[in-house]
Amino acid sequence: MTGMAIKTPRTTKPSAAKAVKPLRALRKTKKHRVRNAICALIAAICSIAALLGTATHILPEEMQAWPYMPIVVSLVPWFTLLAVIALVCAVISKRGTSIVLAVLAIGLQVLWQYPFFFGQSAKLPRAAIAAVSGASVNTDDGYARLMTCNVYKGRADAREIVDLVRSEHVEVLALQETTDAFVNDLNKAGIASYLPYSQVASSDGVYGNGLWSASPLSDPSDDDVDSSASFMPGATISFNAGSTPVRFVSVHTTSPTDGYWQQWKRSLDELARLRFDTSHRYVFMGDFNATYDHTPFRNILGTRFSDAARQAAEGLKFSWPANIDYVPTFAGIDHIVLDSGMTAGQVRTVRIDGSDHKALLAIVRFD
């Protein structure tokens, strides 16, 4: 048979695009696995750290006085950020255990921090705010704006403090870490024009604590606490004829630094003894070197006293450190502590040049 051609079948080569697709899918799968592994590791580390850090809030006071533990406890609110990071990474990597740990940490944080934002305590009446916002200070109305500030070994700007006292109509001022030179600067700046009565005491002859008031100070004392930390001067002030006089104390406990962990706890325990002194209605103002998350501080409060910031429910009030660039103020160690029956509001912090603490202010109703 002639004229007939035999056709051979053509072999087709796979296109380049089809060959690349499985390779891309493989690379994508590897990337997902790496991402999930990294997220799983982050979730595990952060969820455990967040839960352990959060749980330091409930440690017994003896354990909170272990070396460096007071510093860890002061960071309790910030472990919320770790818990949120852990939760996000755990969801991405589908790690159930980490999800549970992160949610538990967040739940505990909400339980303990909720009262600082949505408390059920009585609120200040409008009359209280109006009373401290007038053209002049009225020392007989049962209301007062209080202020406390650690002046950092006398380095704070005295003029700035006096200006704040004037503009905010402060009636009682508590200062810590004063020096003779700083008190002289206060006097030169005109503190006596607004708060003419004062009581300042020093345990070492260098750094002291003091009270200044727009009303006369009765029964002044160099040390109301008999503290091993510093002299904590006190004095009694009457705000009106119908209310019980109030005993104010300028507080400065031992700082929890290396070698002073037990001394820090002891100084707070010494202050806590005043819970049982029913001969006075107290207000403690100052640098407690402890946050609400520290068990020794809550022991001071007991069932009698309340922290003004927590009672006012206007958010957490961080006051230290206030003088380090690029480091946020992260610890609320300055407090105004009120006896039962007193009501606080408009609690806020104000930066003072030269000090490592922010000033803490509050309006308080005494009757």
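**Strand pairing, packing and enclosed spaces in the predicted model**

Ser221 has Gly234 of β6 as its bridge partner. The model is a predicted one, in which local features need pLDDT of at least 70, side-chain atom pairs count only at pLDDT 80 or more, and totals for chains, interfaces and linings use all residues. Residues are numbered from 1 along each chain as its sequence is written, and side-chain values use heavy atoms, with hydrogens and water left out. Strands (E, at least two residues) and helices (H or I, at least four) are DSSP runs numbered from the N terminus; two strands pair if DSSP finds at least two bridges between them.

Strand β5 (residues 218-221) pairs with β6 in the antiparallel sense over two bridges. β6 also pairs with strand β7 (residues 246-252), again in the antiparallel sense, over four bridges. Within β7, Phe248 is the bridge partner of Ala235. In a regular strand the side chains alternate between the two faces of the sheet. Both faces of β6 (residues 234-237) are covered, with Gly234 and Thr236 buried on one side and Ala235 and Ile237 buried on the other. Buried denotes under 20% relative accessible area, exposed over 50%, and partly exposed the range in between, with a 1.4 Å probe and protein chains only.

Six bridges join β11 to strand β12 (residues 359-365) in the antiparallel sense, and the bridge partner of Ala344 in β12 is Val364.

Ile352 lies in the loop between β11 and β12 and is buried, with a relative accessible area of 2%. Its C-alpha atom is separated by 7.2 Å from that of Ile161, 191 residues apart along the chain. Neighbours within four places in sequence aside, Ile352 is in contact (heavy atoms within 4.5 Å) with Cys149, Ala156, Asp157, Glu160, Ile161, Leu164 and Ala359.

Spaces were located on a 1 Å grid over the protein atoms alone: a cavity is a set of points where a 1.4 Å probe fits but cannot get out, a pocket is an open set with protein on both sides within 12 Å along at least five of seven lines, and lining residues have an atom within 4 Å of a point. Grid points are joined across faces, edges and corners, and a volume is the space filled by probe spheres set on the points.

The largest pocket holds about 750 Å³ of space. Its lining comprises 34 residues, with Glu177, His252, Ser255, Asp287 and Asn289 the closest to the centre. α3 gives the most to this lining, with three residues.

One cavity of 30 Å³ or more is present. The largest cavity has a volume of about 160 Å³ and is lined by 18 residues, of which Phe116, Thr291, Tyr292, Leu316 and Gly332 lie nearest its centre.
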